[in-house]
Amino acid sequence: MVDDEADFSILAGKDLSFSDISRNRDYGLDNLIQSILHRSCKAVRHLATPGDPDLRTVVGNIAGDITADLEARLLMAAPFKGHTYNTRSKLGASNPRDTVPANEHLDAYARDILKWAKKQSAMYLGADSIAPLFGSFMLFAAHHIKEHFRRHGEAGLFKPEDCRLILPVAKKGMRVERTDIDSADSDSSTDFYTPGYVDPTDFFSVECSMCPVFSSVEKQAVPAPHLVFADTEIVGHPEYYEKAELRLATKTKALFFNQHNRRFAWGLAVSNCTIHAYVFGPDDIWASTAMDISGDKGRRAFISLLVDWSLCSIDHLGFDPSIRYVVDRCVGGPYLEIDVHEMDESTGKVEPRTYYSQRCLGATDRLFRCHARYFATSTSPESMDKPAFLIKDVWMTTGSGSADDLHERLFLNVLHVEFDKSSEFSGSFVQLVSAGPVYINQGNTVVADSTDTAFAGLPSMTRDVAKDSDNVQGLSNSCVHQHRRTVTKWTGKAISEADNQSQVVVAVADAMTALNAAYVKCQILHSSISDRAILLQQTVDGIRGILTEFDYACYAGDSSGVDKVPELMLFQSIRSLEDPKAARTILDDLESLLYLVCWLGTFGVNKDQREAYIAGLPKNPYLPIMDWNRGTAIEIAGRKRSRLVTLAAFDSNILFYMRENSPLRPLAEDMYMALFLHPGCYGVTLLTDNSIARIEDGNIRAALHAVPVINRTRDPLALRHAFLAAIIAKLLEVLARHRDAALAALNAGGAEDDSAMVTLPSADPSMKHYRDEVPQAGPSKRPHF
């Protein structure tokens, strides 16, 4: 059992991506929730029901016993308090006092439930009044489940160590306490309000925690973070129910971030006497049918759900049994055990191997789509302070359940065969140890974990409803998420954890060289450049960049497309956002590198820089670059075009906001000119025949400013492919020059604050012709947000 006093802060979620500056503000989350929410889904309440018929019968009997006892105690309480409520007790005309054993706690809980369940046609309970009554309902069920195990022990079909009590714990560290019986039956204005008055602050949050089955029900301990099971959002008035759903989604996002063994999440929303259960998956949210506790059917339904949660297997609660929290004070506190299924060379079978970790380098920082977590691991608890491996745990978007589970492994193997013997490129790509699906036990069967196995029987909004993926903010049709785990040799930290920006310049230059080599030698394209895709390694000769994250890799010319995953859209090229089925080229990856340089150059390359930058911004700031990280794929593509339409636009919208004295700023300018101000590709503006003629005459300024709003006929992003070799050569030359300057700054010891002791390179002088032709107007000082 987990030590309640153990310090779990060492396992708290830590960012690896940090590409989330605007994402964490949940722009458009309310609209997204409503677009993918399945309401009144009957299958939700049965998702945690045991599949084995014998176990299902036992669970049903326990729920029936609890319901019968509750109805009898409600009958005992109602006559003395003068309340009426809806019940169909099977006790008939018998006196419930003759059939119900005396229990002070259960009687008190029943009186609380009675207050909640009684009919109030003209008034609603306030959220702060509902919260303790909701807690009493859960405590009533937990008391009976604990008593069941006390009476039956090991004779039952359920082992106590495999079960738990679901107990309520209020947010802000306060326990849910049962209300005083006298004040609980007061109909004062502080407890009720009429439908004509709506209090906008009338919300209350309650956590549902998992506790050992023999825990104290009356005195709940505040649970460790990993034992929080689900969030409950309570609202007094139905008018604010959708806001309660938004609050529930936001709190559930925090669960995914802090609990590294989350597969999916449950949640509850309460409005007056009505309860809905929610299941949060990568692409969908499912809401149960209403459980109205003013009626006996609704009370029975909620009790059945609580019993299912207490007795079901841990994977039905949304947890991953192959990642376990362990407390061992001998190794310095809690740590994680992570199982990876690897091929045993001696037997030829796939067997689980356990790794150990106290460092989560990257927690999943989103509620939907591709959940990814990164762990620094070793093969024994004693050596966790010196990690030897990096484990990536990801719910990969595959498009169909038959997609190849070993996709990343195949591409990395090709690259290692080609380059391991090369002195120039050896070590340019991360070294793979193993990769494959995560397996879980379902009944007597071991199955590969995926959304198909986790949500069998539930409808899919993204498959059956959404006809245009752009309408669902990056959620595509017919997608399946396969749970995979990849082990690579420990290389170093992510580019978003660099000590200074000169290190990032070196890493980006090395990544560019590796991307070009993979394309020239193997025709392999990376397709998912981001701040997670480049690692920093400290070598004898200094710092170097290593390319990783080949989940979406493809061969040049592949038109199968990459799902528009939100974390990739920030860095994806304009053409791939506008047409995901367009044939991929190396220019898409190189354009992604530019966006990565701009993002890190604006917000910083490590946590300290980011926090300092954000602290200096006003509340709810607006930076043009934030538009690259929210909205649909088409919207993001349009915003990128508008920010990059000319060098002047790029300077005033992007470069102007990058950190002063940053070596990434001139690098971004040179990369922009090499990519977009090349003959045949003047900016990213859609060109007409008239503007092309002006360009051919050398009048670039007139051509760019004479582009009409309509009759756009030719796209320079398509025309530039005729100049592919020249663009790559120019980029290689630009990045080599900036890399040499960054190394000089690092060797001189002046890069700690990103102001090198040696002179940083200015923008490429060979591009002067295009810089002179394009208007350079821009703001003279930082504008107000």
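Glutamine 482 is buried, with a relative accessible area of 7%, where buried denotes under 20% relative accessible area, exposed over 50% and partly exposed the range in between (1.4 Å probe, protein chains only). The residue is found in strand β19; strands (E, at least two residues) and helices (H or I, at least four) are DSSP runs numbered from the N terminus. Between glutamine 482 and valine 438 the C-alpha to C-alpha distance is 8.4 Å, with a separation of 44 residues in sequence. The model is a predicted one, in which local features need pLDDT of at least 70 and side-chain atom pairs count only at pLDDT 80 or more, while totals for chains, interfaces and linings use all residues. Residues are numbered from 1 along each chain as its sequence is written, and side-chain values use heavy atoms, with hydrogens and water left out.

The chain contains 23 helices and 26 strands. Of its 785 residues, 59% count as buried. Contact is defined as heavy atoms within 4.5 Å. Among contacts between residues at least 6 apart in sequence, 74% join residues at least 24 apart.

Strand β19 belongs to an open sheet of 7 strands, ordered β11-β12-β13-β14-β15-β19-β16, with antiparallel pairing; two strands are taken to pair if DSSP finds at least two bridges between them. From one strand to the next the twist averages 35°; angles run from 0 to 180 degrees between N-to-C directions, and axes are lines fitted to C-alpha atoms, for helices over the stretch in contact.

Within this order, β12 (residues 333-344) and β13 (residues 349-362) are joined by 9 bridges and run antiparallel. Isoleucine 338 has tyrosine 355 in β13 as its bridge partner. A further 5 bridges connect β13 to β14 (residues 372-378), again in antiparallel fashion, and cysteine 360 stands opposite phenylalanine 375 in β14. Strands β15 (residues 389-397) and β19 (residues 481-489) pair in the antiparallel sense over 9 bridges; the bridge partner of valine 394 is arginine 484 in β19. Helix α8 (residues 407-419) lies across β15, β16 and β19 and runs at about 155° to β16.

Elsewhere in the chain, strand β5 (residues 203-211) is mostly covered, with 7 of its 9 residues buried. It is joined by 7 bridges to strand β6 (residues 228-235), and the two run antiparallel. Phenylalanine 203 stands opposite valine 235 in β6.

A 3-stranded open sheet has the order β20-β22-β23 and antiparallel pairing. Strands β20 (493-494) and β23 (542-547) stand at its edges with a single partner strand each, so one side of each is left without a neighbour in the sheet. Strand β22 (residues 534-539) is joined to β23 by 6 bridges, and these strands run antiparallel. Threonine 539 has glycine 542 in β23 as its bridge partner. Helix α11 packs on the sheet, touching β20, β22 and β23, and its direction makes about 45° with that of β23.

The axes of α11 and helix α14 (residues 586-603) come within 11 Å and cross at roughly 170°. This makes α11 roughly antiparallel to α14, under a scheme in which angles under 35 degrees are roughly parallel, over 145 roughly antiparallel, 65 to 115 roughly perpendicular and the rest oblique. On the α11 side, Gln501, Val504, Val508, Met512, Leu515 and Tyr519 meet Ile586, Asp589, Leu590, Leu593, Val597, Leu600 and Gly601 in α14. The residues of this contact comprise 10 nonpolar, 2 polar and 1 charged, with Ala, Val, Leu, Ile, Met, Phe, Trp, Tyr, Cys and Pro counted as nonpolar, Asp, Glu, Lys and Arg as charged, and the others, Gly among them, as polar.

The largest nonpolar core has 92 residues, and those with the most contacts inside it are Leu590, Leu594 and Phe650; a core is a set of buried Ala, Val, Leu, Ile, Met, Phe, Trp, Tyr and Cys residues joined through side-chain atoms within 4.5 Å. Helix α11 (residues 501-522) gives the most to this core, with 14 residues. Apart from neighbours within four places in sequence, phenylalanine 650 is in contact with Leu594, Cys598, Arg643, Leu644, Leu655, Ala668, Glu669 and Tyr672. A second, separate core of 73 residues includes Ala48, Ile66, Met210 and Met291.
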